[in-house]
Amino acid sequence: MFRSGIGARLSFGHTLHRARPFSSRAQSHSWRRTRRRGGVVLFAAIGVLGIASSSTLPTQDLESRVKQLDLSSSPAFDPLRLDSYTEPFRHSLIATSRSSRVVVCALLCFNDYRTAMQSEDPLVMSDCHLKCAKRTLAVLEKNGGIYIKLGQHVSAMSYLLPTEWTTTMTVLQDKCPSSSVAELREMFEADSGLRFDDVFSEMDPEPLGVASLAQVHRARLREDGREVAVKFQHPSLREFVKVDLDTTRFTFSLIKRIFPDFSLTWLSDEMDISLPQELNFAVEARNARDTAAHFSDLRGSSLVVPEMIAADTRYLVMEYIRGARIDDLDYLAKHNMDRNEVSAELARAFNEMIFRAPALHCDPHAGNVFVRPAPRGSRSRHNFEIVLLDHGLYREIPLDLRRSYAKLWLAIIRSDDEGMRKWSYEVAGVGDDRYPLFASAITGRDFTALQRGVSSVPRGDDELKRINTAVGQGLLQQLVHLLADIPRILLLLLKTNDLTRHLDESLHTTSAPQRPFIILAQFCTRVVWDEERSLARQALRQNSPLRALALWLSGATRYYPMAMYLYFGEWWASSALRRTYLAATNSQGEQLPVSPLQQAQADADAKAQSSRKVAGATVAAAA
């Protein structure tokens, strides 16, 4: 019944799209009746969804607002003015409008894809991708709020979605609407119970950055004159978060019913889990403090986290840190920062969080990763520090998963086909028929490149073309099925891998492709060694000293030679790179004459920069 109803509506949309002529008045009347009935059914469903969403406002809050309405002193009733209605009906009306945009957009996209899939011309499907992406973008921009967040997620899913979708959604990184200072002051005073001017002596009305869920302002504490950054949640979010989530869930369930091969309900399920955490800034402050405590014990680490001063659900006061985005190459050059070392420190920081830290930061786009000159007393081994911002989206990775994930990466680095098959199953429950697809999704590489050696074969244009061709030939459907079946934590691992990979590519390093994989292998081998030591201690507690000794010796004979090999390999790479870097600049920081090799590298950098602009960044630029 459901399928036939939706099918009728899609047929109706298809009729409109093609605008077929009618030869008789009877046919015309029949067509109008079909259109009328379809429209009534569609908008009735949307209206029910919107009216049901009125429960998102707390009952007590609704009663208090209704009591505050003084109808005798209100202006004349105007049916075209929302403020002429009571608050619950206003809420339902706006919710219906927001929901209708999403559902109508989804149905139109369904119809376009149904038509495009009948053609074997890849250009037809590409045009359909672009058309639907632009239509969806307009709806997301109009609704704002969590829809902007959803679009940003889409822009970061280059491992899954066609380029037309990811590049179109990239503009959402810089087009987030801001809230007024008056709204922010009112929200702060309502939530904290304090007068805004009693806490802050001044606040810059221009935000440092505006994101989909919040915006950040520079301010000064009245108590001690300290300069701080204050993160405010957009006050309007609370009213429509629930109905927006319900609409998103409903839309993805429609996609699953109409196109069973493209089930994306896992995306709405993940938003149901992650969004409440991101909307609670007290949780963000706790995540930041835990990460700061972990990295403060690591000697030589370049990662720093701003100090969290005060936090509540909808506001966060933190240390203000000056710096620039990590992909600002002019800033790196101005402060004499080696971008190869910045890349290496970024790799160490996120491998530390994946394999050793209490939890993983799952939103490392360029707007959340800053770099600054290392201040006096810094523990950084370099002349810079990497500043990690926005700690709302974190996930704890179970110990067993960390161990299996490390072994999977070691198998990938060694091009061990049997190992990839075994550990893909242990990590994600992926069978023999799908492990090549899973390994490709993790690495962002074609499986033939993994078989040849992922650390020694750079990703080129030919490989990207093969991947895009495979997407058009059914790879996308296979990947959607795969992501629907794997554990949810792996979705965020895939997202984090993709974002950090783009960050590294944006630095345009001059290093060989082996160095990031050497750093990764160092962490993976340490995880395996820690597991073997744990088994040895367990055997010792079970009164089996000989077995404990055998386990320890077996692990040690494998770990220490490999650790030394990786250590000297990474040292050699960094030393060679440092010699190249120092040869390019003299002690006064003046540029020396450019050699043919350096000119070739500069040309390669320019080409990479141009390609990046054409393709569009897949990371967010919000503060």
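## Strands 6 and 7

In this predicted model, strand 6 (residues 308-311) pairs with strand 7 (residues 315-319). The two strands run antiparallel. Three bridges join them.

How many residues lie between strand 6 and strand 7? There are three, and the two strands form a hairpin.

## Val243 in helix 10

Val243 belongs to helix 10, which covers residues 237-258. Is Val243 buried or exposed? Its relative accessibility is 1%, so Val243 counts as buried; the cut-off for buried is under 20%.

Ala95 is 148 residues away along the chain. Even so, the C-alpha atoms of Val243 and Ala95 are separated by 6.9 Å.

## Helices 17 and 20

Helix 17 spans residues 435-443, and helix 20 spans residues 488-506. Their axes come within 8 Å. They cross at roughly 45°. Angles under 35 degrees count as roughly parallel, and 65 to 115 as roughly perpendicular. Helix 17 and helix 20 are therefore oblique to each other.

Which residues make the contact? Helix 17 supplies Phe438, Ala441, Ile442 and Thr443. Helix 20 supplies Leu490, Leu494, Asn497 and Arg501. By type, the residues of this contact divide into five nonpolar, two polar and one charged.

Notes
Residues are numbered from 1 along each chain as its sequence is written. This is a predicted model: local features need pLDDT of at least 70, side-chain atom pairs count only at pLDDT 80 or more; totals for chains, interfaces and linings use all residues. Side-chain values use heavy atoms; hydrogens and water are left out. Two strands pair if DSSP finds at least two bridges between them. Helices (H or I, at least four residues) and strands (E, at least two) are DSSP runs, numbered from the N terminus. Buried means under 20% relative accessible area, exposed over 50%, partly exposed in between (1.4 Å probe, protein chains only). Axes are lines fitted to C-alpha atoms, for helices over the stretch in contact, and angles run from 0 to 180 degrees between N-to-C directions. Angles under 35 degrees count as roughly parallel, over 145 as roughly antiparallel, 65 to 115 as roughly perpendicular and the rest as oblique. Contact means heavy atoms within 4.5 Å. Ala, Val, Leu, Ile, Met, Phe, Trp, Tyr, Cys and Pro count as nonpolar, Asp, Glu, Lys and Arg as charged, and the others, Gly among them, as polar.
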